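Keep the structure open as you read.

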Amino acid sequence: MWVHEGIVGRQRQLEALRRGLDAACAGAGRIVLCSGEAGIGKTRLAQELVRVAVADACAVAWGRCPEAEGAPAFWPWRQVLHSVDVDPDAVFGGPVLSSPADRFRLFEDVSDAIGRAAERSALLVVLDDIHRADESSLLVLRHLADRIATTRLLVLAAFRDDEPSGALSRMLPELLRIPAVERIELQPLQTDEVREQLALLAPGVDAAAVAELTGGNPLFVREVARAMADGTWRPNRPPHSVLDAVQARLDRVSTDCRGVLQAAAVVGRDFSLALVAAARNEPLARLLPAVDEAVGHGLVDRTDADYRFVHVLTRDAVEATLATAERLALHRKVAEALQERFAEDLSDHLADIARHWEQLAPYGEASTARSWAVRAADDAVRHLAYEEGVRLFRNALGFDERLSADERYRILVALGRAAYFAGDPDGCGEAAVAAMDLARRTASPELMARAALVVEATPDLRVLAKQLCDEALAALGDDGDVVLRARLLAQRAHLALYDGDLSLTASLSTAALKLAYGNDRALAEALYARQEACPTPTGAPERLELAGEMLTLARRTNDPRLAMWGEIWRIGALVESGRLMDAAAELAPLRLAAGRVGGPVGAWHLDRVVACVSQARGRFGGAVVAGRRAFDRMRTIEPTPAAGRYFSLQCALAPHIVLTDDAAAYADEPLEMPPPFVTVTRVQHAFLLLCAGRNDVAGTAYEQTGPPTSWVLPPFFRLPGHYYGSLVAAELGRSEDLASLLDLLEPYSGGHVTGGNGVVYLGPVDLALGRGAAVLGEQDRAVELLESAVEQADRASAQGFAAEARYHLAVTRLARGAPGDRERAEVTGRDAERLVRALGMTAYAVRTEDLVSRLGRTRSPLLSEREAEVAQLVAKGLTNRQIAEQLVISERTAENHVQHILTKLGFATRSQIAVWSARTGA
């Protein structure tokens, strides 16, 4: 009788997993990656951990990756969701997408569903053979890794370290950098451990000899022991592998059992006996004795679903006994059986059917194989498994060359779109070029246009996209398809923006918009392009109109994504117009639209805009929290835009509050950005270093930007780039650069500086102009500009910038020293100090306190004793007549005293006297 061995040689790893399970039960979830060669005991270790988890009343869910391609998209996660009583089809429903990042909404939904299950009961998820997982499933694991640390969830993911898939090999280093992820590696058993295993299986066998033969592989040790027990052992011809040992055992089973096993091996490691029966054209009942025999010989296990080969190597060994003709015949029978059995709903079986026909493609079935591959690819894309779609489309193209140009074109276009959503720009570009070549041969302008539109206007593909777009536009001409021309013009406008050609962006987007009305998709794309053509404060009114059009389109199409963008544009334009209260009021509809979009991308947009509005209004704590939350949501999805926007927020906060830890980290390590954003990032970095008090390093960083006249800045970042540059040049004493930068800012005097839609607000343009003029010694001009900045910041409710402008106005007046300047500086300085204290502007606290201390807190010596007395009565709200009665003087004398006070203090109204008197105690 065969004895099932206990777990041997894995006590240390099991104890580590026990500790991980205890931590998960306490709310500190982890992912453990367990690696080792085939047969080393990964699944056995997982089974032992499951036993421990069940004893501790933990829930358990298995997700097994198939050993051969052909499983439905996200197959291991579908199994896990089913195990925790969640309908997989409800989760993998397929939201509307407009960029590769949007798929992470699905990943968020999967993580949320598993997280909720873990809240009900601590949960152990076992993912077996993830080296065979599709890339989409691995991306879900990567997404979950960022969130698992605060859950009651332990994930044990096992894989062969001798054959990780391309996707897994790329993802492993990134996974292992996450604190909540660790790795354990299973090594071959030592001789003593082999002896311990054999004591349970075949007592008395020479353990040293078996250890040398098997290399300490537990599965091979078990197979050798089984061979010795059942009489298949041949000392003169010992097996050289598990496959040899299994094949020797197959020689001892009946012909019927062997036939059933061979058909099952073609079906897969997990197999339905009913499907095997259909493939063999036999009643299922006739197969039961044969499958029972296979179980008795330790080749197959019964499962809750049906049957399973005890190990993938066992299945491989059985399949290896088939002659080519037998194997191909079984593939055909299994494919046809699947088609017949699931004819009413093939979705979950398309990839498997395609796998079987793929085996037959070289033997006259290329057309059939291609047809099923395309159907499976389309289904994978519909279920958001873009990487699987790419693989299947490429398979479809590679079966043979005998397919029509039209069919090849359709597959190439679909492949290009799938590659784009899979985040594979090179694959997208290659497919688009191939599709354009075919369209060019057929001389079809419409096909050329659709091929050009496969490539999105992204930085990675901008050169190729421009070439394809220009060629397609030339082919279409002015009389071509209106909708296609509108879409191409919109795309070409985006590309012109990447080149920094704002005038071309403007003309192309205008033309696109004129043609786009009447087609919702073209209109949305044209609106996107047109709003990019209005990047400065002078374009804010038009952007408000465009936002309204986008919101109207969103209501008509019931598209939450368009609604979200319309709200973002509206808020961005309101911020740049200095209407911060109106912008804050728009956060509620943005929150609604982002909620309807769902997922981390929608939440990221909401958080980053909330951070911008909070920072603009001087609510720095809220800006810090929302900004960090936004960054955490997006940094693993789209790291470059996430880091760029977060860096911009840190730079905007730095002049008002002491550097956050993240800002200090950015100061230490410059952010690397794509070419269009290099210069503005370097200027911001120099500014951040100045805020950190590291002027020498800031000077070196600033030198890297070159002269301002040579700067290359994207249109939306020209104004903020010049704004930051002026502040850096002023602080570093670069007078020539400062003068050039002020000239570039001058046309926007009276406006406000922002860093794009919902990124950051940098205050009134006049604030930078005034500070720069003061450094250049133009004191009268500086006072005028800073007074304007105070007024604009007050009107905009930009309290932090109102405090900043008042401080610099007070300093400038004090330096100028004109009649009344000191008194006005005292009032303005006190106002600045009061605002700084109220807002928690830690970066200005010492400066404003020093300024007020320097100015002194006593009554101004410019006022006589009687004038000071009159000023106090004005502060109490008395009229000239009442003042005269109080002081027993004539009303005319009282009027003269008031006029003298206004003149000496440089005020225009009695209310200013009242405020000054109250604040100075005069």
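The protein has 47 helices and ten strands. The model is predicted. Along the principal axes, the C-alpha atoms fill a box of roughly 130 × 70 × 45 Å.

Next, look at how the chain packs. The protein has 922 residues, and 57% of them are buried. Now take the contacts between residues at least 6 apart in sequence. Of these, 67% join residues at least 24 apart.

The accessible surface comes to about 37700 Å². Carbon and sulfur atoms account for 49% of that area. What about charge? The protein carries 103 positive side chains and 124 negative ones. The centres of these two sets lie 3 Å apart.

Now the cysteines. How many disulfides does the structure hold? The count is zero. A disulfide is a covalent bond between the sulfur atoms of two cysteines. To count here, the two sulfur atoms must lie within 2.5 Å. Take cysteine 691. The closest cysteine sulfur to its own belongs to cysteine 651, 7.9 Å away.

Is cysteine 691 buried or partly exposed? Its relative accessibility is 28%, so cysteine 691 counts as partly exposed. Cysteine 257 has a relative accessibility of 0%, and therefore counts as buried. The cut-off for buried is under 20%.

Methods:
Residues are numbered from 1 along each chain as its sequence is written. This is a predicted model: local features need pLDDT of at least 70, side-chain atom pairs count only at pLDDT 80 or more; totals for chains, interfaces and linings use all residues. Side-chain values use heavy atoms; hydrogens and water are left out. Helices (H or I, at least four residues) and strands (E, at least two) are DSSP runs, numbered from the N terminus. Buried means under 20% relative accessible area, exposed over 50%, partly exposed in between (1.4 Å probe, protein chains only). Contact means heavy atoms within 4.5 Å. Accessible areas come from the Shrake-Rupley method with a 1.4 Å probe; for residues, only the protein chains shown count as cover. Lys and Arg count as positive and Asp and Glu as negative; His and the chain ends are not counted. The place of a charge is taken as NZ of Lys, CZ of Arg, CG of Asp or CD of Glu.
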